[in-house]
Amino acid sequence: MEQLASNRSFGGQQLRYSHHSATLACAMTFSIYLPPQVNEGQRRGDSQQKVPVLYWLSGLTCTDENFVTKAGAQQAAAEYGVAIVAPDTSPRGDGVPDDGEGSYDFGLGAGFYVNATQAPWHQHYQMYDYIVKELPALIESEFPVDGSRSAIFGHSMGGHGALTIALNNPGRFRSVSAFAPISSPTRCPWGKKALSGYLGNDETHWEKYDASLLMAKAEEKLPMLVDQGGADQFLEEQLRPELLVAAAQANAYPLESRIQPGYDHSYFFIASFIGEHIAFHSQYLKA
């Protein structure tokens with residue numbers, strides 16, 4: 001790994017790194033916030049002290065830096081003593097294909113947290129395996145975090161990623177939450193474009209990446225919190241939270257779904273409720 005940045009924040013350390021990803025066949029960046037409890041353990045001579053870890057998945061067009069600089073998560077992470085890992089949203093670099101039309105919702109910045117099967121995307125766009133396998137292994141080997149106490153959350157495309165990864169990996173996470181997730185990508189324009197491009201036109205291959213479909217048949221029932229802005233411009237056409245709510249009701253899934261009146265899709269919305277989400281996860285991470 002190569003360290004790119006280090007900043008003191010609320011007694012902890014906000015760090016940024018670059019590393020070569022074998023899964024994505026390119027260089028990747030990620031950010032990690034280590035709360036002050038890590039330093040306190042080291043001062044006591046307890047080099048083995050590990051903290052719980054939250055994985056944050058960002059939305060379309062974002063990098064790891066959007067969350068780090070706009071969400072204001074460090075204060076709550078310091079208060080509750082949890083690390084937060086924020087990866088990039090897609091592979092990048094020379095040789096990594098992009099949408100030839102230059103659109104924002106496919107290609108670079110829009111990996112959708114799937115394992116692509118279609119050329120030319122399949123060589124690099126393996127974001128699902130990167131988030132589920134390679135990145136946690138790296139984090140747990142290099143930083144004082146406890147992988148047995150982990151949770152996942154995200155926004156928009158990243159909310160979709162967080163929900164589907166949690167639902168597809170029973171026993172892996174203690175809890176899951178999302179801000180304005182794409183609740184059913186098989187039934188919205190963003191999702192149909194991405195899933196057909198990365199996975200092909202056989203829609204049966206899309207189902208493992210649709211949170212509402214997965215929730216309807218889920219056996220493990222994680223604590224789940226979803227916040228949606230009532231003034232979100234993408235609410236009706238792209239996000240469709242009613243499909244997630246219906247699936248939860250049909251399967252008695254413990255989903256806490258909240259509509260926040262007047263809030264839009266931006267990081268102003270995320271920053272307003274990020275503390276509540278970290279507090280929600282903390283109660284399960286420390287149990």
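Q: Over how many bridges do strand E2 (residues 12-21) and E3 pair?
A: The model is predicted: local features need pLDDT of at least 70 and side-chain atom pairs count only at pLDDT 80 or more, whereas totals for chains, interfaces and linings use all residues. Residues are numbered from 1 along each chain as its sequence is written, and side-chain values use heavy atoms, with hydrogens and water left out. Strands (E, at least two residues) and helices (H or I, at least four) are DSSP runs numbered from the N terminus, and two strands pair if DSSP finds at least two bridges between them. For E2 and E3 the pairing is antiparallel, and the bridge count is nine.

Q: Which residue in E3 stands opposite Arg 16?
A: Strands of a sheet pair through backbone hydrogen bonds, either parallel or antiparallel. In E3, the residue facing Arg 16 is Ser 31.

Q: Which residue in E5 is the bridge partner of Leu 54?
A: E4 runs parallel to E6, joined by six bridges, and Tyr 55 stands opposite Ile 152 in E6. E4 also pairs in the parallel sense with strand E5 (residues 83-87), over three bridges. In E5, Leu 54 has as its bridge partner Ile 84.

Q: Is Tyr 33 buried or exposed?
A: Tyr 33 belongs to strand E3 (residues 26-34). Buried means under 20% relative accessible area and exposed over 50%, with partly exposed in between (1.4 Å probe, protein chains only). Because its relative accessibility is 2%, Tyr 33 counts as buried.

Q: Which residue's backbone oxygen does the side chain of Tyr 33 reach at 2.7 Å?
A: Residues up to four places away in sequence aside, Tyr 33 touches several residues, including Phe 10, Gln 74 and Ile 84. At 2.7 Å, its side chain reaches the backbone oxygen of Ser 9.

Q: How many residues apart in sequence are the parts tied together by Phe 67 and Phe 153?
A: Rings of Phe, Tyr and Trp (its six-membered ring) pair if their centres lie within 6.5 Å; planes under 30 degrees apart count as stacked, over 60 as edge-to-face and the rest as tilted. By this rule there are 20 aromatic pairs. Phe 67 and Phe 153 form an edge-to-face pair, with 6.3 Å between centres and 75° between planes. Phe 67 lies in helix H2 (residues 64-70) and Phe 153 in strand E6 (residues 145-155), so the separation of the parts they tie together is 86 residues.

Methods: Contact = heavy atoms within 4.5 Å. Polar contact = N/O pair within 3.5 Å; in protein donor to acceptor, adjacent residues only side chain to side chain.
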